[in-house]
Amino acid sequence: MAEQKQDARIPTVIADDLHIVYRVNGAKTGKGSATAALSRMLRRGSDDAARGVRKVHAVRGVSFVAYRGEAIGLIGSNGSGKSTLLRAIAGLLPAEQGKVYTDGQPSLLGVNAALMNDLTGERNVILGGLAMGMSREEIKDRYQQIVDFSGINEKGDFITLPMRTYSSGMAARLRFSIAAAKDHDVLMIDEALATGDRKFQKRSEDRIRELRKEAGTVFLVSHNNKSIRDTCNRVLWLERGELRMDGPTDEVLKEYEKFTGK
Amino acid sequence: MSETTHDATVAVSATAAPDEGLTAPELAAKHGLSVSGARPSLIEYVRQLWDRRHFILAFSRAKLTAQYSQAKLGQLWQVATPLLNAAVYFFIFGLLLEADRGMSREVYIPFLVTGVFVFTFTQSSVMAGVRAISGNLGLVRALHFPRASLPISFALQQLQQLLFSMIVLFAVAIGFGSYPDLSWALIVPVLALQFCFNTGLAMIMARAGAKTPDLAQLMPFVMRTWMYASGVMFSIPIFLKDKPDWIANLLQWNPAAIYMDLMRFSLIDGYGSENLPDHVWAVAGGWAVLFALGGFVYFWKAEERYGRG
């Protein structure tokens, strides 16, 4: 903590009593029948709950301040709201209540959703790059780098084949390579480390370390306590959408391991 | 257990000594932080959208290519699908129902094919628009871009699809004795106006569909009603000549009928201006501007809310 203080402590992300709620249609009673749906619709003029819209309160009143140069790990059991929190910080999920303030545009590491399996790897590199907001020139400059990094062409000319012909490992490698090609102010990584074979894993860890150096602040969601310990100097522990603990990595991980180990 | 939470939070905020005592909004203001996911101003939004023009184009072309990539005939279906479509309508309405009342065969067949293609352009833009946000939630929740990119991109995909259909349409027109002349140049402004109208409509449907995904089930019926009411396979003035004038006028001034009629007028030699309603170009332009601007503003108003599940 001492070394951060010298850094003049410039905040990059401020979460202020943040609440995120998902709404799920027609999941109220678990009855999917048409008559159930109709009777829900006919109960008009009532609130969400009565119309069969079920609310999932994924993040409940989380507040924290992240500073420049910090690498923050997010831990917690499955469904504790880690990924949701990341998306909210990135401004991708609207907040139900409270606000997130950020310096610049935080970005999630990941382009999976923009890629199309029916297109060639080549076109996906371009499409993914454009989707992340890179210019055509930037993509042209980095195209070879991305392909080399992914190692797709190590076993023949696969980049000109549709992505649906790739093995799942190859596709994951290409996705990571595209996502990691861009520089970010505030970078958020959602368990992206565990893709590909050992060789590729090592290469991606190096690349993440590089990205961290360039980025102001890094958030990392992971279930792997070792990779949190290796990369993060601060940890936020979420449980049931609430911030259970926030502090230096060692302290929080010790508590967390005690909690999960029991 | 909740006490642990409390202690830990307090401990951390205590280390932020220089900024201590500031509330979150004050701290944010002091260091120039902005609210994440806030809606940009309209001008800023247009600028962001312009920056993403390459993405919009690439996305629409990728969608178009991906459509037939598993088929053996591949991209040939881009042309074969509209051709088969036109054949089906000709068989039912031209041969079985003889809806070609008041027109010679040389006029009716291009008339029908033009109607089907032009209406399909609007129809598929609407259907793609409804699902533009609700069907791409993964993309919306993963990446940053002005959300209007999606409905615009889908409308653009339909425009490119229509350009393939135009090849078929030109062949049909020439096959039935309408040869290229100066009036064919009018096709360009007609398509431009219809594209503006479609894009605006797609943006309206995208916002509506994001809030109410059920619209995807409902819209096919609305669109079919619209199609039958717009004179895709029959001439409105001839079929409705016994009815009061205002009905025919109303139907003829609806945007789908306007764009179909203008396209037929440009393309078919035997389809003269006597078939067009009054002030046709003004109405065509009015619909385009009204929907493009209105739809854009309407879509932008909910920008920060897209992606909520």
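This is a predicted model: local features need pLDDT of at least 70, side-chain atom pairs count only at pLDDT 80 or more; totals for chains, interfaces and linings use all residues.
Figure 1. H4(B) passes H8(B) in a right-handed crossing. From H4(B), the residues in the contact are Phe55(B), Ile56(B), Leu57(B), Phe59(B), Ser60(B), Arg61(B), Lys63(B) and Leu64(B). From H8(B), they are Ser149(B), Ile152(B), Ser153(B), Leu156(B), Gln157(B), Gln160(B) and Gln161(B). Sorted by class, this contact holds seven nonpolar, six polar and two charged residues.

**Figure 2. Chain B touches chain A.** On the side of chain B, 39 residues are in contact with 49 residues of chain A. Five elements of chain B each give two or more residues to this side: helix H1 (2-15), helix H2 (24-30), strand S1 (34-35), helix H4 (53-67) and helix H7 (137-142). The chain B residues that touch chain A comprise 19 nonpolar, 16 polar and four charged.

**Figure 3. H5(B) and H6(B) cross at roughly 125 degrees.** Helix H5 of chain B is made of residues 77-96, and its axis comes within 10 Å of that of H6(B). The two helices are therefore oblique to each other. Their crossing is right-handed. H5(B) contributes Pro82(B), Asn85(B), Ala86(B), Tyr89(B), Phe90(B), Phe93(B) and Gly94(B) to the contact. H6(B) contributes Tyr108(B), Ile109(B), Leu112(B), Val113(B), Val116(B) and Phe117(B). Of the residues in this contact, 11 are nonpolar, two are polar and none is charged.

**Figure 4. H6(B) packs against H10(B) at an angle of about 165 degrees.** Helix H6 of chain B covers residues 105-134 and helix H10 of chain B covers residues 215-229, with their axes 10 Å apart. Because of this angle, H6(B) is roughly antiparallel to H10(B). The crossing of H6(B) and H10(B) is right-handed. On H6(B), the residues that meet H10(B) are Phe119(B), Gln123(B), Val126(B), Met127(B), Val130(B) and Arg131(B). On H10(B), they meet Leu215(B), Ala216(B), Met219(B), Met223(B) and Met227(B). This contact consists of nine nonpolar residues, one polar and one charged.

Figure 5. An unreviewed UniProt entry gives the annotation "transmembrane region" to residues 76-96, 108-133, 154-176, 182-206, 218-240 and 280-300 of chain B.

**Figure 6. The annotated domain is set within chain B as a whole.** UniProt, in an unreviewed entry, places the feature "domain: ABC transmembrane type-2" at residues 73-302 of chain B. Over this stretch the chain is 74% helix and 0% strand, and its end C-alpha atoms lie 41 Å apart. Chain B has 14 helices and one strand. Its C-alpha trace spans about 85 × 50 × 35 Å along the principal axes. The radius of gyration of chain B is 25 Å, whereas a compact globule of 309 residues would have one near 19 Å.

Note on methods. Residues are numbered from 1 along each chain as its sequence is written. Chains are lettered from A and ligands numbered from 1 in the order in which they are written. UniProt positions are given in the numbering used here, feature names are shortened, and annotations may be inferred rather than shown by experiment. Axes are lines fitted to C-alpha atoms, for helices over the stretch in contact, and angles run from 0 to 180 degrees between N-to-C directions. Helices (H or I, at least four residues) and strands (E, at least two) are DSSP runs, numbered from the N terminus. Angles under 35 degrees count as roughly parallel, over 145 as roughly antiparallel, 65 to 115 as roughly perpendicular and the rest as oblique. A crossing is left-handed if the near helix is turned anticlockwise from the far one by less than a right angle, and right-handed if clockwise. Two residues are in contact if their C-beta atoms, placed from the backbone, lie within 7 Å. Ala, Val, Leu, Ile, Met, Phe, Trp, Tyr, Cys and Pro count as nonpolar, Asp, Glu, Lys and Arg as charged, and the others, Gly among them, as polar. The radius of gyration is taken over C-alpha atoms; the globule rule is 2.2 Å times the number of residues to the power 0.38.
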